[in-house]
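Have the fold open beside you as you read.

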Amino acid sequence: MAANDSLTERVLIFDTTLRDGEESPGATMTPADRLRVAELLAEARVDCIEAGFPAASAITARSVAEIAKRVRSTRIAAVARCTYTDIEAAGAALEGAAAPRIHVVVATSDLHLTKKLRITREAALERVTASVRFARRFTDDIEFSAEDASRSDIDFVADTFSAAIKAGAKTVSFPDTVGYATPEDMTAAINRIRERTVGIENAVISVHTHNDLGLATANALAAVKAGARQVECTINGIGERAGNCALEEIVAAFYVRQDVLPYTSGVALQKLAQLSATVAKATRMAVQKNKAIVGANAFAHESGIHQDGILKDRRTYEILDAAIVGATTLLTISRNSGRHAIVTRAREIGCPIDESEEKAFAAAVIDFSQTRTIVTDNDLIAIAARVLGGKVEPVAV
Ligand code: KIV
Ligand code: ZN
């Protein structure tokens, strides 16, 4: 069922493929590829593109500036730690943006505060206030993230959110930085944040999840159900370590499960396959074949029982029409296939199989398939040429 804007709540999609996604080991993209990905994300109508961390390197700063100048239809964000130099670098890179956002981050867990930053909670709170105020010199659109929020004292996270909102932040983000949370943790945390944060009614709650336990999408959805209205995610779920919440999974879940997820994203689903392929190529990170929504097997059917069902009514084994996300349904022919799929595929590629020939043709294909992992179209034509007695020209295989 398609999302109906008038009945569903809008959830903002904040894409961080070019920042957290590019932080996947070995995934660094060229400036030209980064611009191309940003253009495609804008065409797909994500609400905000996090284009990078300008203080990290001069190349990143230049790339963020180029994206900010050239991609005008979408909000462009740059991330900064809570330091004046980082915020200045972000502000400078975003100077030419039509709608710039500075995203300031400080850790809130005692582990990060004592071991990494070596500061007290009070000092962290001061940094939040000072950084949000300073960032507002560059733009009115400030997002604050409490790094490692899911392993923090949630009431302290709420204190940092209250301070950020008081200083002018419009979005406050709850990251599960190390992919530690469960969906129940996320529900409880967002509920507590809503109860405890002063001024939360004037800010958007964002959620940023990682996939270390394979729960990134489930955790983001739990947060949305509890009241978060922005999801931070990446194409193909790329990102630090096991990656981030996958954008395609979130927007497809909203589309498919309106009954329990009455939300809508503004994302053009038809762009997902192209975005996935473009990001995979630019990052040299192949998409795992069984990846939900964008993997090569996401709409492929192998067993005879499934193929027969798909041919009779695709809803038997597909919860989402592949065409909706710019993909195609594939019936792979192998020794697991049944006669219905074998004959249908052969006819699709031009083999004129009569009803009386179906049984013999399928038997020949199954026989051939015993020593193969897959039967290609060329194989089908060659078998048809042999079995159908001259009706089909053989091809070189
Ligand atoms: O995972 C995280 O905490 C982050 C922050 C920088 C938002 O990526
Ligand atoms: Zn992250």
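## Helices on the strands

Helices (H or I, at least four residues) and strands (E, at least two) are DSSP runs, numbered from the N terminus. Angles run from 0 to 180 degrees between N-to-C directions, with axes as lines fitted to C-alpha atoms, for helices over the stretch in contact; contact means heavy atoms within 4.5 Å.

This is a predicted model: local features need pLDDT of at least 70, side-chain atom pairs count only at pLDDT 80 or more, and totals for chains, interfaces and linings use all residues. Residues are numbered from 1 along each chain as its sequence is written, chains are lettered from A and ligands numbered from 1 in the order in which they are written, and side-chain values use heavy atoms, leaving out hydrogens and water.

Strand E3 (residues 48–52) pairs with strand E4 (residues 75–81) over 4 bridges, and Gly-52 has Ala-78 in E4 as its bridge partner.

## Where the domains meet

The domain assignment (automatic or from a database) gives domain 1 (7–283) and domain 2 (300–388). Their contact takes 7 residues from domain 1 and 6 residues from domain 2.

On the domain 1 side, helix H9 (247–256) and helix H10 (272–283) each give two or more residues; H9 supplies the largest share, 3 residues.

Conventions. Two strands pair if DSSP finds at least two bridges between them.
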